[in-house]
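Here is a briefing on one structure.

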Amino acid sequence: MSEELTKLKSLGPQKIYEDTHIPVQHVKAILEHNFDSLNRVQFLGFVSILEREYSLDLSILKASGIAYYDDKDAQKLDENIFIAPQKTNKSSTFYAIVAIIIFIIVMTYKMGFSGEEEQQEQEVNNTLIQKVQKTIKPVVVEELVVVEEINSTSESNESNEINEAQTIAEETPQVVKSFKIVTKSKVWFGYIDVDTNKKRQKTFKGEIDLDPQKRWLLIFGHAYIDMYINGEQIKMNSRDKIRFLYEDGSVKAISTQEFRKLNRGRKW
């Protein structure tokens, strides 16, 4: 099992549904490789959403699903091709009629003509036989055209399915990421961009927005505050100074030692 699929399974179908709005039963089907409960369009669309939402490379999962649907389509193609030989019955009937006509002509010439006329009869028969032989070629070509049309239709359907999957992915509502801190009482607040080590501090009452894409070290004079991550509220209630680390859409309280380690050995 790939690390990407393991991460998705650790989140669980319900959490994935809340993040992506993909129905729970479809999430379970994808995680369990139960491709029969989805069609190709749904599968490709939902996998694209999961890759974009969690920044994952699900190419192995996608290849497994596409192989399943290709095999399913190949079985349908075999069934369609198996029906094609029925046209041979019509051709056989045509050849039988021509053979009867030839037989009648031969008998007529034998009964009423001889000598030079028999030679003419032979020439007439040869001409008819050549005409019959010529009719065989279009029948073979027609069968080949049938197969080519089926292949062309299959390729066209696959292209349409991919376009529909892209449309589903584009129309599916995406969660808008946000990170907001709200306090009803004045508090000293220090915040550090972990990657650049750029520091800011302020005493404020009200709310402040931070970039949800960055990693932040946070320190508060007290923790009577609320945090809102992607619209979900996290309540804090402590009189003590408290430190946090925010990254990848989640926040956790950390010790002074962890804070210093992430702050290049500094307490602030």
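Two strands count as paired if DSSP finds at least two bridges between them. Helices (H or I, at least four residues) and strands (E, at least two) are DSSP runs, numbered from the N terminus. The model is predicted: local features need pLDDT of at least 70, side-chain atom pairs count only at pLDDT 80 or more, and totals for chains, interfaces and linings use all residues. Residues are numbered from 1 along each chain as its sequence is written, and side-chain values use heavy atoms, with hydrogens and water left out.

- Strand β1 (residues 179-193) runs antiparallel to strand β4 (residues 226-229), and four bridges join them.
- Lys180 stands opposite Tyr228 in β4.
- β4 also pairs with strand β5 (residues 232-235), again antiparallel and with four bridges.
- Asp226 has Lys235 of β5 as its bridge partner, and Met227 faces Ile234 in β5.
- The hairpin of β4 and β5 has two residues between the strands, and Asn230 takes a positive phi near 55 degrees there.

- Strand β3 (residues 216-220) and strand β6 (residues 242-247) are antiparallel and share five bridges.
- Trp216 has Tyr246 of β6 as its bridge partner.
- β6 is joined to strand β7 (residues 250-254) by five bridges, and the two run antiparallel.
- Leu245 stands opposite Lys252 in β7.
- Two residues lie between β6 and β7 in their hairpin, and Asp248 in the turn has a positive phi of about 50 degrees.

**Helices α2 and α4**

- The axes of helix α2 (residues 13-20) and helix α4 (residues 40-54) come within 11 Å and cross at roughly 85 degrees.
- Axes are lines fitted to C-alpha atoms, for helices over the stretch in contact, with angles from 0 to 180 degrees between N-to-C directions.
- α2 is therefore roughly perpendicular to α4; the classes are under 35 degrees for roughly parallel, over 145 for roughly antiparallel, 65 to 115 for roughly perpendicular, and oblique for the rest.
- Lys15, Ile16, Asp19 and Thr20 of α2 make the contact (heavy atoms within 4.5 Å) with Ile49, Leu50, Glu53 and Tyr54 of α4.

**Salt bridges**

- The whole structure holds 10 salt bridges, each a side-chain nitrogen of Lys or Arg within 4 Å of a carboxyl oxygen of Asp or Glu.
- One of them joins Asp19 and Lys15 at 2.7 Å, N to O.
- Asp19 and Lys15 are about one helical turn apart because four residues separate them in helix α2.

**Surface**

- Ile100, Phe103 and Ile104 make a nonpolar surface patch of about 320 Å².
- Patch residues have over 30% relative accessible area and no salt bridge; like charges are joined within 9 Å, nonpolar side chains (Val, Leu, Ile, Met, Phe, Trp, Tyr) within 5 Å.
- Accessible areas come from the Shrake-Rupley method with a 1.4 Å probe; for residues, only the protein chains shown count as cover.
- Ile100 sits in helix α6 (residues 87-112).
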